[in-house]
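Student: I have a model open and want to go through it with you. Can we put it on screen and start with the terms?

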Amino acid sequence: MYEFILLFCSLIAGFLGSILGLGGGLIIVPTLTLLFHVNIRYAIAASLISIVGTSSGAAASYLKDHFANLRIAVLLELGTVTGAVSGFLIAKKIQASFLFLLFGVFLFFSAVMMLRSRDEHTSTKNHPWSEKLNLAGSFPDGKGGVLPYNVDNVPFGLTAMYAAGVISALLGIGSGIFKVLTMDRAMKLPMKASSATSNFMIGVTATASAGAFLLRGDIRPEIAAPVSVGIILGSWMGAHSMIKIPTQILRKIFVIVLSIASFQMILKGLS
Amino acid sequence: MNTQDLPEDLFIKDPLKDPLLNLELRISKLLHWGVSCAEALMLLGWITFFDFSENPLLKFQDYKEESLQKSLQSALQDHHWGLLLAYAGLVLLISLPILRVLMTGIFFAKQRNQILALASFFVFVILLFSFTLGI
């Protein structure tokens, strides 16, 4: 019975994550720890597996629709993957209470970021590394044309991706908010290209620590299977949802829910 | 902006003419089918070991280190096929991004884009190395 409830919660997490542009990890780790009282280390490991699944599934359609920039993804994965390996090594050394605290803080940060404006920040100049590696790209505008874009601040992007990788392995999340923020604000990629490329990279980032967690025995099929299947089904339903959902209202409600969960995670960390 | 205003090679719709587009479509298919198979294996395994009588999540309230090797050995001994199926799904799912990175590396190497090929192979090696950290 509990596993069915877990499957249902994961389905909701995947659905909400998909329509709100959040990763399922941000929802499923607090759900597992606060509602089901699962140890945070198992919760983080299960969440990473669901991230690999959702990212790979989403990446398939983003690639097909030509939104993701493969060249940028390959370059930035250098940062995220090395960061994830560092994160796994750090996670082994720190206490579970600290993980709760860190997750709580990150959850609050994500809630605040959900309220930010989503203006485009495109650049007129191309960074020399972008010139050399031919990173600039284009994506369909939906009207039969294409929107070309340049890429700026590549070294900063690479460094920020290292931090995103560390956080991903530590907290079992995709760090999509960090990745999109870096690509959108610093590297000046259009929002659609940032989101798609970030989603594409998340699977590789999560794999860098998920593989180690699997061999160490932290990924338990009893938790990971319903979570992963539920989140993937939920995100698929979210992506194909024909119902007109008032996302602005939902976003505001979700900011409150995330803030409460953040407060509870911090409280649990302090106790 | 209209496609006519852009250089011809910026956005070629035919995958046969654009090798990068061709690779993107192949990766897209690999990911799509790979995720579907992995999730099907996990779902099948999960249904097989489903237990109505108790709360299976109770035993995960406290963290206990038990390696994958040990879990697999006990699952084999107990003929716990559902668990083994779910593990097969997990392994397949994790191997997808690694395969994707390898395919990208080979593509960039063929295109003589040495920097991106090196970056892909470096990521590939790190991913393989990361597995050893869990042993």
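Tutor: Buried means under 20% relative accessible area, exposed means over 50%, and partly exposed is in between (1.4 Å probe, protein chains only). This is a predicted model, so local features need pLDDT of at least 70 and side-chain atom pairs count only at pLDDT 80 or more, while totals for chains, interfaces and linings use all residues. Residues are numbered from 1 along each chain as written, chains are lettered from A and ligands numbered from 1 in the order written, and side-chain values use heavy atoms, without hydrogens and water.

Student: Where is A:H37 found, then?

Tutor: A:H37 is in the loop between α2 (25–35) and α3 of chain A. Helices here are DSSP runs of H or I with at least four residues, strands are runs of E with at least two, and both are numbered from the N terminus.

Student: What is the phi of A:H37?

Tutor: Phi is positive, about 55°, although A:H37 is not a glycine. Its relative accessibility is 42%, so A:H37 counts as partly exposed.

Student: And B:R112, what is phi there?

Tutor: Near 60°, again a positive value in a residue other than glycine. B:R112 is in the loop between α3 and α4 (114–132) of chain B. At 72% relative accessibility, B:R112 counts as exposed.

Student: Step back to chain A. How many helices and strands?

Tutor: Chain A has eleven helices and two strands. Along the sequence the pattern reads α-α-α-α-α-α-β-β-α-α-α-α-α. Its C-alpha atoms fill a box of roughly 50 × 45 × 30 Å along the principal axes.

Student: What share of chain A is buried?

Tutor: Buried residues make up 62% of the 271 residues in chain A. As for contacts (heavy atoms within 4.5 Å), take those in chain A with a separation of 6 or more: 83% of them are between residues 24 or more positions apart.

Student: Which residues touch the most other members of the largest nonpolar core?

Tutor: A:L32, A:I219 and A:I223, in a core of 127 residues. Helix α3 (residues 40–64) of chain A gives the most to this core, with 13 residues. A nonpolar core is a set of buried Ala, Val, Leu, Ile, Met, Phe, Trp, Tyr and Cys residues joined through side-chain atoms within 4.5 Å.

Student: What does A:L32 touch?

Tutor: Leaving out residues up to four places away in sequence, A:L32 touches A:L6, A:H37, A:V38, A:A43, A:A46, A:I223 and A:V227. A:H37 from the loop between α2 and α3 of chain A is therefore one of the partners of A:L32, and A:H37 is partly exposed.

Student: New topic. How many salt bridges over all chains?

Tutor: Seven, from a search of the whole structure. A salt bridge is a side-chain nitrogen of Lys or Arg within 4 Å of a carboxyl oxygen of Asp or Glu.

Student: What does A:D152 pair with?

Tutor: A:D152 bridges to A:K125, with the closest N and O atoms 3.6 Å apart. The pair links distant parts of the chain, 27 residues apart: A:D152 is in the loop between β2 (146–149) and α7 (154–171) of chain A, and A:K125 is in the loop between α5 (96–114) and α6 (128–133) of chain A.

Student: Are those two ends buried or exposed?

Tutor: A:D152 is buried, at 8% relative accessible area, whereas A:K125 is exposed, at 53%.

Student: What about A:D184 and A:R185?

Tutor: Their side chains meet in a salt bridge, 3.7 Å from N to O. A:D184 is buried at 0%, and A:R185 is partly exposed at 34%.

Student: And which residue does A:R216 bridge to?

Tutor: To A:D218, with the closest N and O atoms 2.6 Å apart. Both A:R216 and A:D218 are buried.

Student: Which residues are linked in a network of salt bridges?

Tutor: A:R220, A:E222, B:K59 and B:E66.

Student: On to chain B. Which residues of helix α2 are buried?

Tutor: In helix α2 (residues 68–77) of chain B they are B:L68, B:S71 and B:A75. They cover an arc of only 65° around the axis, which puts them on the same side of α2(B). That arc is taken from the directions from the helix axis to the C-beta atoms.

Student: What is exposed on the other side of α2(B)?

Tutor: B:Q69, B:K70 and B:Q77.

Student: What do the buried residues of α2(B) pack against?

Tutor: Against α9 (191–216) of chain A together with α3 (81–110) of chain B.

Student: And what follows α2(B)?

Tutor: B:H79, with a positive phi near 50°.
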